[in-house]
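Visitor: Can you walk me through this one? I'm new to reading structures.
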There are 2 protein chains.
Amino acid sequence: MEKRLEIYSHAEDCPVRNVLNRFGDKWSILVLMILGEVDNMRFNKLHKTIGDISQKMLTVTLRSLEADGLVKRTIFPEIPPRVEYEITDRGNSLLVHIHKLSSWAEENMEAINESRKQIKA
Amino acid sequence: MEKRLEIYSHAEDCPVRNVLNRFGDKWSILVLMILGEVDNMRFNKLHKTIGDISQKMLTVTLRSLEADGLVKRTIFPEIPPRVEYEITDRGNSLLVHIHKLSSWAEENMEAINESRKQIKA
């Protein structure tokens, strides 16, 4: 296999695969996009905003984003405790690229839908 | 819910969701990245280059990319028939953004790995 293609082959620590795995998780992207629109948000508000994510999946997604330093979690010692999530600088630097991808999708959506119809016809 | 957040709520035809679904499929991205490096490639070569994808999944992935007009499939009437895949202009316009995301991942990989260790510690 040519050298330049080797990086796409399966390897545990491959940076390309690593980013693909992150983007293989649509919930992470959605949470980042939402937190990018607000100063901070509580768990229940996030849950309602997304709509079709389970509480468990949202918890897992937030923990994973927090572990990667993309989201920050703050607990306020009230009764009951208030927990707020906000996007970090690192998360925002990623969000720039996600928004560009999203714009590409909006710009190309019509042409893609046309292509899909032609295949079905 | 505020107007600006409404777009993230579940909707079948939501363009944001639509792009997320595409990026929820890491194989599609990987195939586009590989085809972006070559003029064209045959199925078996693609299969070997990726390494850990099943033939069936690769077939499904290629059909979906073809349906979206991101990849073009050409059959040469030889015996046995030769089938080659190449990236389209639309595919290349998407690939620009994928590469930027990939660069972001490489630049931030070390910091992210550090963050992950801190969580575990």
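Guide: Start with a term: a salt bridge is a side-chain nitrogen of Lys or Arg within 4 Å of a carboxyl oxygen of Asp or Glu. A:Glu78 forms one with A:Arg82, with the closest N and O atoms 2.8 Å apart. This is a predicted model: local features need pLDDT of at least 70, side-chain atom pairs count only at pLDDT 80 or more, and totals for chains, interfaces and linings use all residues. Residues are numbered from 1 along each chain as its sequence is written, chains are lettered from A and ligands numbered from 1 in the order written, and side-chain values use heavy atoms, leaving out hydrogens and water.

Visitor: Which residues are linked in a network with A:Glu78?
Guide: A:Arg82 and A:Glu84.

Visitor: How many salt bridges over all chains?
Guide: The search finds 8. One of them pairs B:Arg116 with A:Asp68, at 2.6 Å from N to O. B:Arg116 sits in helix α6 of chain B and A:Asp68 in a loop of chain A, so this pair joins two chains. Helices here are DSSP runs of H or I, at least four residues, and strands are runs of E, at least two, numbered from the N terminus.

Visitor: Is A:Asp68 buried or exposed?
Guide: Buried, at 3% relative accessible area. Buried means under 20%, exposed over 50%, partly exposed in between (1.4 Å probe, protein chains only). B:Arg116 is partly exposed, at 30%.

Visitor: New topic. How many helices and strands are in chain A?
Guide: Chain A has 6 helices and 3 strands. Of its 121 residues, 45% are buried.
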